[in-house]
Amino acid sequence: MQTGWNENKAILRGTVAAAPAPSHENHGVWYDAFPLTVQRLSGAEDRVNVILAHNMAQKLDLEPGREVAIEGEVRSFNNKSGRGSRLVITLYARTICPWDGPHGNELVLSGALCKRPVYRRTPMGREICDLLLAVNRRYGRADYLPCIAWGALARQCAELDVGDAVRLEGRFQSRSYTKVEQGESTQRTAYEISVMRLEVLDSAVSLPG
């Protein structure tokens, strides 16, 4: 979807990791969810949560192991249950079809930075920069998407400011980490956009409300 300078398009090709299960209802439409695994060139694997309309899921035999291609948008919502991440990132499927080919993970986003970039170095000395991008939807809503850049691109991103408009290309990735609360450790998964290319647009913009 593109609205003015806002753009949100994702194309993922991968393997259904589990059968769709009921997710939620919105404006009279029921939705299902299932995990999609996508192999990287390095051999590592991203596991992405997909949301799609129930009637769309019924048209395909989305059994575990099925290869599919999905075109849609990256979405976010606030998790108020108190369990897991506060910001939940998913892939909203607009189209889905059988696929017989290599895995792929491509997306394009345009929006405005809604927090100051956080530049740092890993313990191994790699440069890294965290961004939070707001991408408008229709009807005044917005998706808030965590993005991460490395190396020379991280240095470029560190010079940006709140309200700057950018267009980026990257992939939708998952990352496991350990969360320690009150002395107890739990394994969790974070979802973020790994930035491959970034272009600063002409002018800063007003953030979505």
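Buried means under 20% relative accessible area, exposed over 50%, and partly exposed in between, using a 1.4 Å probe and protein chains only. This is a predicted model: local features need pLDDT of at least 70, side-chain atom pairs count only at pLDDT 80 or more, and totals for chains, interfaces and linings use all residues. Residues are numbered from 1 along each chain as its sequence is written, and side-chain values use heavy atoms, with hydrogens and water left out.

**Confidence**

Colour by pLDDT, the predictor's confidence in each residue, from 0 to 100. The protein chain averages 89, and 91% of the residues score at least 70. Go to strand S4 (residues 29-39) for the highest confidence, at 97. Strand S1 (residues 2-3) has the lowest, at a mean of 45. Where pLDDT is low, the predicted coordinates should not be read in detail. Strands (E, at least two residues) and helices (H or I, at least four) are DSSP runs, numbered from the N terminus.

**Salt bridges**

Side chains of opposite charge can pair when their charged atoms come close. The cut-off for a salt bridge is a side-chain nitrogen of Lys or Arg within 4 Å of a carboxyl oxygen of Asp or Glu. The whole structure has 16 of them.

Select Lys9 and Glu71. Their closest N and O atoms are 3.9 Å apart. This pair links distant parts of the chain, with Lys9 in strand S2 (residues 6-16) and Glu71 in strand S6 (residues 67-78), 62 residues apart. Glu71 is partly exposed, at 36% relative accessible area. Lys9 is partly exposed too, at 38%.

Next, select Asp130 and Arg120. Their salt bridge spans 2.9 Å, N to O. Asp130 is in strand S10 (residues 127-136) and Arg120 in strand S9, 10 residues apart. Asp130 counts as partly exposed at 23%, and Arg120 does at 37%.

Move to Glu192 and Arg175, with the closest N and O atoms 3.1 Å apart. Glu192 sits in strand S13 (residues 184-200), Arg175 in strand S12 (residues 165-181), and 17 residues separate them. Is Glu192 buried or exposed? Glu192 is buried, at 8%, whereas Arg175 is partly exposed, at 38%.

Now select Glu73, Arg75, Arg94, Arg137 and Asp143 together. Salt bridges link these residues in a network.

**Rings**

Arg75 lies over the face of Tyr92, 4.4 Å from the ring centre. A charge sits over a ring if NZ of Lys or CZ of Arg is within 6 Å of the ring centre and within 35 degrees of the ring normal. Arg13 and Trp99 give another case, with the charged end of Arg13 5.4 Å from the ring centre.

There are two aromatic pairs. Rings of Phe, Tyr and Trp (its six-membered ring) pair if their centres lie within 6.5 Å; planes under 30 degrees apart count as stacked, over 60 as edge-to-face and the rest as tilted. Tyr31 is in strand S4 and Tyr92 in strand S7 (residues 87-98), 61 residues apart. Both tyrosines are buried.

Phe172 and Tyr191 have ring centres 6.4 Å apart and planes at 70°, so this pair is edge-to-face. Phe172 belongs to strand S12 and Tyr191 to strand S13. Phe172 is buried, at 0%.

**Last stop: Lys115**

Select Lys115, in the loop between strand S8 (104-113) and strand S9 (118-121). Lys115 is exposed, at 52%.
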